[in-house]
Amino acid sequence: MAYSMALNTVYNHYLTTYTPKTTRYDTHKKSELRSIYNSIVKLNKDSPLYILDSSRESREFAVSLKENARGLRNTIASLGGLDEKEMLGKKAAYSSNEAIASVSYVGAGNISGPAPSFDIEVTALASNQVNLGTFLPSDDKLELEPDAYSFDITINDLSYEFQYNVHEGETNRILQERLSRLITNADIGIVADVLGDDNGNSSLRLTSTGSGTNGNRDYIFFASDDKTSKRAGTVDYLGLDFVSRMPSNAEFLLNGEPRSASSNHFTIGKMFEVTLNGVSSTEGESAKIGLKTDLDSLTENVSNLINGYNSFMGAAARYLDLHPRSGKLVKEMEHISRLYQPELESFGFTFEEDGHLSLDDEAFKDSLVGDNKQAPLSTMKDFANSILRKTNQISLNPMEYVEKTLVAYKNPNGRNFPTPYMTSNYSGMLFNSYC
């Protein structure tokens, strides 16, 4: 049980430190996990014995390299899927007025019948709740007596107690900044900061990360210390219970019908993911959202693929000075793209000196018009598949690009047994980073 809790703590540290955003492409079937396991076993069986550079910089490099590879893989997956038939086949959505609403397509690849479209007119954006505390003289000593204090914040039907000590000689600003860090780092859906004015006063402000109202309640959170375990007085002294802005829902017309949402980000018909960006300036001003043509969709997918490729290359190049072996990775990625250089250049691609790629959208569209329109698509799928195979290899063994000293090769007679050596080194880096 203790080992399980420790592993869970380290995994959570990994997610929050190196992987702040996970997607649906980070889930796997049992067959995929089994394939990864078998690949690890084979890798460990054939791997020589190394002494690795165990510095903090090397640990961060290995973990970041694996995460950048995961990010590029997810970019490819998000453009239609990893199956060759579906790759780069994702539909793309458009908005006629990005100032009002932006949109992306999240539905299935195949659509029967005419492509749907909607008109959206925004009358009000959703807002979050803000509690603005009392402005107190920043440099004045606290009027709270030295003691152990606590207060409660209730959000989403859950109450969280915050405890702290008041020390002799502390100022209002010191306490406000300390509580700001305490509340924000608790990650309960509230961000706290300290505001100052021109008169030398400061206030502790609490802002909800969520927006909108839920049911019959007109608030998202509230602060109190009526039934707290330590000494009360914090809420009244700092004014934490004063709501300066109530939360509100987004109000809009969808094809002329009134609608509301608790967030400015929502989906329509499990097909369009909409983000409201502003209120219609005049009555009747709307944004039309719908699907782009297949030609425009493919061009956008290829552009996103190139952006993901360039982002990965840039991340690898940042380590060239501290980790020379990252140059090996940069050269390997450049070699992949150079294999397709003649075809890609004829489709509107440009190869930059730093290994990055750029795309002329109009030239690419022109290459898709005519009798030979399947050639660019076939080449792009082959190129994407080659990058995908490389990202899988990097994710499986990021230690390949970490500074290390070869100690001994495995027995060449072919009777080697699987060992956890390579993977245990990478896993150990996660524990070292946490501890």
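A surface patch here joins residues with over 30% relative accessible area and no salt bridge, with like charges linked within 9 Å. The model is predicted.

**Exercise 1**

Find which residues form a negative surface patch, and state where Glu 84 is found.

*Solution.* 
- Step 1. The negative patch consists of Asp 83, Glu 84, Glu 86 and Asp 382.
- Step 2. Glu 84 lies in the loop between α3 (56–77) and β2 (93–95).
- Step 3. The relative accessible area of Glu 84 is 45%, so this residue is partly exposed.

**Exercise 2**

*Solution.* 
- Step 1. Leu 88 is not a glycine, yet its phi is positive, at about 65 degrees.
- Step 2. The loop between α3 and β2 holds Leu 88.
- Step 3. Buried means under 20% relative accessible area. Leu 88 has 3% relative accessibility and therefore counts as buried.
- Step 4. Asn 255, also not a glycine, has a positive phi of about 50 degrees.
- Step 5. Asn 255 sits in the loop between β13 (250–254) and β14 (257–261).
- Step 6. With 43% relative accessibility, Asn 255 is partly exposed.

**Exercise 3**

Describe the largest nonpolar core and determine which element gives the most to it.

*Solution.* 
- Step 1. The largest nonpolar core has 41 residues.
- Step 2. Met 333, Phe 349, Phe 364, Met 380 and Phe 383 have the most contacts inside this core.
- Step 3. Elements giving two or more residues to the core include β1 (49–52), α7 (326–339) and α10 (374–396).
- Step 4. α6 gives the most, with 8 residues.

Note on methods:
Residues are numbered from 1 along each chain as its sequence is written. This is a predicted model: local features need pLDDT of at least 70, side-chain atom pairs count only at pLDDT 80 or more; totals for chains, interfaces and linings use all residues. Side-chain values use heavy atoms; hydrogens and water are left out. Patches are made of residues with over 30% relative accessible area and no salt bridge: like charges are joined within 9 Å, nonpolar side chains (Val, Leu, Ile, Met, Phe, Trp, Tyr) within 5 Å. Accessible areas come from the Shrake-Rupley method with a 1.4 Å probe; for residues, only the protein chains shown count as cover. A salt bridge is a side-chain nitrogen of Lys or Arg within 4 Å of a carboxyl oxygen of Asp or Glu. Lys and Arg count as positive and Asp and Glu as negative; His and the chain ends are not counted. The place of a charge is taken as NZ of Lys, CZ of Arg, CG of Asp or CD of Glu. Helices (H or I, at least four residues) and strands (E, at least two) are DSSP runs, numbered from the N terminus. Buried means under 20% relative accessible area, exposed over 50%, partly exposed in between (1.4 Å probe, protein chains only). A nonpolar core is a set of buried Ala, Val, Leu, Ile, Met, Phe, Trp, Tyr and Cys residues joined through side-chain atoms within 4.5 Å.
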